[in-house]
Amino acid sequence: FQGGDTCEYLLSSGRFLGEKVWQPHSCMMHKYKNSEAKNCLIDKHVVFIGDSRIRQLFYSFIKLINPQVKEEGNKHGNIPFEDKSASIKVDFLWYPEVNGSMRQRIKSWTEGSVAKPHIIVVGAATWSIKIHNGSNEALAQYKINITSIAPLLEKLAKSSDVYWVLQDPVYEDMLSESRKMITNEKIDAYNEAAVRILNSSSRNSKAKVKVFSVSKLIAQETIMKSADGLHLPESSRDTNAMILMNVYCNKIMKPIDGSCCQPQPPLTLIQKMAFCFFTLSIIGYLIISLIHRNNYRKNKSCTDLESGEEKKPSVSTPSVSTLEMLLHSFCKLGLIMTYFYLCDRANLFMKENKFYTHSSFFIPIVYILVLGVFYTENTKETKVLNREQTDEWKGWMQLVILIYHISGASTFLPVYMHIRVLVAAYLFQTGYGHFSYFWTKGDFGVYRVCQVLFRLNFLVVVLCIVMDRPYQFYYFVPLVTVWFMIIYATLAIWPQIVQKKANGNCLWHFGLLLKLICLLTCIYFLSYSQGTFEKIFSFWPLSKCFELNGNVYEWWFRWKLDRYVVFHGMLFAFIYLALQKRQMISEGKGDPLFSNRVSNVLLFISVVSFLTYSIWASSCKNKTECNELHPSVSVVQILAFILIRNIPGYVRSVYSSFFAWFGKISLELFICQYHIWLAADTKGILVLIPGYPMFNVLVSTFIFVCVAHEISQITNDLAQIVVPKDNSTLLKRLLCIGGFFSGLHLFSAIQDQSRH
């Protein structure tokens with residue numbers, strides 16, 4: 001840990017990921033859009049002073065504001081730029097040498113009531129080397145001139161952002177005869193003089209001139225592509241302009257994926273209260289543990305003085321009370337949440353941008369598939385989508401999704417489309433699993449609903465409090481929660497139709513199908529009526545749960561993307577259970593699901609369907625168009641996979657215990673990755689061990705998986721305590737939970753008011 005000033009790293013160090021993607025050391029760089037650049041620089045005056053290299057940087061900078069700008073005008077003169085819509089002024093002032101003229105211009109800003117520029121970017125040296133033929137006298141004069149200018153720049157730095165751009169190296173082999181005297185040795189001497197003199201008199205860190213030395217590193221990698229050996233290629237100067245924008249704008253715009261130059265966010269009122277709660281839980285648990293241990297020691301077997309024999313205690317082990325278990329769970333959870341906060345809110349660990357390559361995605365995929373096949377075991381039961389098989393399915397899908405996220409594979413459209421199918425498959429299992437339970441068990445009690453809602457939402461609610469994020473930010477949990485409630489409402493509303501009732505009269509099957517048709521109609525209507533959908537979820541208190549950035553559009557987008565797949569899961573469960581009840585399928589060990597002929601035909605159709613979907617997804621050219629088709633066609637590959645996995649008897653009789661283990665904690669893995677595996681709310685990668693990417697991934701992954709497993713255990717323990725089976729006790733707990741959320745809403749309102 002070397003302090004929290006990531007601006008220093010952004011301006012001075014980094015490396016290339018691939019050919020054009022620049023990665024600053026320890027932090028993430030945001031790619032600013034034109035609208036964001038305008039919002040940041042509104043009513044600002046920016047000045048670039050220097051030679052042709054600074055002019056290049058000037059043009060790249062104003063193109064971030066207006067990409068239509070052309071590099072025209074007098075090359076050896078001043079060039080003004082103004083964006084009247086945002087009141088932004090950016091000027092280039094032609095001063096190719098550090099001399100008296102440059103000093104006079106800078107001095108004018110320090111005197112009287114002259115308006116000072118908000119950002120000043122200065123740099124020059126190559127003209128001094130060229131005009132004076134690289135003489136030592138010119139270097140001595142450069143030192144004198146920069147010494148006279150340094151105090152003025154430092155004075156301006158008290159109220160403005162001042163940057164001194166060090167000279168980039170040249171590609172000497174490509175230099176024209178008139179520039180042969182500009183050597184890298186001379187450039188290094190001029191840079192050394194500038195660094196030594198600037199800020200030599202300044203003790204106030206806020207009044208320092210910022211040295212823009214990162215351009216040198218970028219030039220070292222790209223100057224060979226220069227057209228003349230002196231000026232940087234366009235991609236490199238664009239990178240420099242983006243760095244400059246990040247240095248100034250990140251602290252103003254606070255982009256999620258721009259951790260460079262962002263201060264640590266202050267603790268909110270709710271976060272402080274959470275910290276106090278977890279601290280008290282830890283203290284309370286330690287006190288109770290000490291009391292129990294002390295009582296246990298007193299009850300230990302002691303020697304009878306008269307007979308000399310040992311007396312056994314009446315209690316051999318200390319009993320664990322509900323309070324102790326509760327405090328123990330919150331104690332562990334408090335320590336885990338501290339790690340979450342340190343990873344993704346405190347400026348303690350480094351963060352880096354993602355960078356996609358085919359090898360970074362496909363090699364880990366092959367590796368985990370080999371591991372999964374290696375851990376093959378026999379299933380306890382051979383039914384279609386039995387528990388081990390669904391855990392295995394969730395497990396390998398979750399691992400693929402994790403690799404997809406950390407490798408940044410969303411930029412590769414064919415991979416993106418296949419991952420969308422995996423997310424849809426999770427929701428398919430939601431529809432299949434919950435429908436199967438309610439249809440076969442007929443249990444519509446409050447206990448069942450509360451258990452499911454608690455297990456789904458507990459971790460997310462805690463993270464919303466600790467990490468200061470809205471509920472909708474963890475979009476998958478709201479999605480499965482809402483769909484669970486829709487499934488429950490569909491089946492619980494009168495008339496309640498369950499398998500036991502339907503077996504007595506076949507007409508009830510038609511009644512259930514009628515319910516499913518009504519559900520499909522509602523889904524279809526809402527999917528094509530964005531206004532109605534947004535009105536429903538804009539009512540308080542739903543708006544508090546489903547708004548993100550002040551509107552519910554993100555929630556609408558997520559819901560619409562997989563709107564039919566839960567219905568498909570419910571329908572599949574209904575058809576499968578009906579076939580199973582009528583013994584139309586064979587689920588014996590090693591037996592094919594249907595007769596050999598039917599099984600072979602279905603297997604052939606499934607393989608063709610699976611491959612056809614993959615070919616279509618791989619040929620996608622436009623994400624928006626493919627997303628429009630996805631809700632209707634994703635079920636094809638899901639059903640094809642289910643049939644391929646279950647029709648052959650041998651394949652149905654085995655499962656991968658490796659994947660199944662991850663499947664049992666898939667929800668925790670999906671949520672925890674946001675903050676302790678990825679970083680900056682999934683936009684980057686957490687760096688615990690800088691300089692060793694593979695070792696870093698191994699260490700962070702090990703911690704991440706252990707934490708997810710532990711949180712799964714904590715959730716299960718707390719679910720037994722918070723959601724008891726006794727209805728009267730459960731009602732009291734629900735009232736307490738209602739009071740908790742009411743208090744949370746009150747403090748959230750106070751918090752929002754204080755922010756505004």
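This is a predicted model: local features need pLDDT of at least 70, side-chain atom pairs count only at pLDDT 80 or more; totals for chains, interfaces and linings use all residues.
**Entry: domains 2 and 3**

I noted the division of the chain: domain 1 covers 6–253, domain 2 covers 349–723 and domain 3 covers 726–755. The C-alpha centres of domain 2 and domain 3 are 29 Å apart. At their interface I have 11 residues of domain 2 in contact with 12 residues of domain 3. The buried area comes to about 820 Å², and carbon and sulfur atoms give 65% of that. I searched this interface for salt bridges and got 0.

I then asked which elements give two or more residues to the domain 2 side. They are α15 (446–466) and α28 (693–722). Helix α15 gives the most, with 5 residues. Sorted by class, the domain 2 side holds 9 nonpolar and 2 charged residues, and no polar ones.

**Entry: α15 against α10**

I followed α15 to its contact with helix α10, residues 269–298. The two axes come within 8 Å and cross at roughly 120°. From α10, the contact uses Ile270, Gln271, Ala274 and Phe278. From α15, it uses Val462, Ile465 and Val466. I sorted these residues by class and have 6 nonpolar, 1 polar and no charged.

**Entry: salt bridges and α28**

Over the whole structure I have 18 salt bridges. One that I looked up pairs the side chains of glutamate 710 and lysine 332, at 2.7 Å from N to O. Glutamate 710 is in helix α28 and lysine 332 is in helix α11 (residues 322–344), so this pair ties together parts 378 residues apart in sequence.

**Entry: backbone in the loops**

The bond from tryptophan 494 to proline 495 is cis, with omega near -5°. I place proline 495 in the loop between α16 (476–492) and α17 (499–504). Tryptophan 540 and proline 541 are also joined by a cis peptide bond, with omega about 5°. Proline 541 sits in the loop between α19 (530–536) and α20 (542–546).

Last, I looked at phi. Where does glutamine 583 lie? It is in the loop between α22 (565–581) and α23 (596–618). Glutamine 583 has a positive phi of about 55°, although it is not a glycine.

Key. Residues are numbered from 1 along each chain as its sequence is written. Side-chain values use heavy atoms; hydrogens and water are left out. Domain bounds come from an automatic or database domain assignment. Contact means heavy atoms within 4.5 Å. Buried area is the accessible area (1.4 Å probe) that two parts lose on being put together, summed over both. A salt bridge is a side-chain nitrogen of Lys or Arg within 4 Å of a carboxyl oxygen of Asp or Glu. Helices (H or I, at least four residues) and strands (E, at least two) are DSSP runs, numbered from the N terminus. Ala, Val, Leu, Ile, Met, Phe, Trp, Tyr, Cys and Pro count as nonpolar, Asp, Glu, Lys and Arg as charged, and the others, Gly among them, as polar. Axes are lines fitted to C-alpha atoms, for helices over the stretch in contact, and angles run from 0 to 180 degrees between N-to-C directions.
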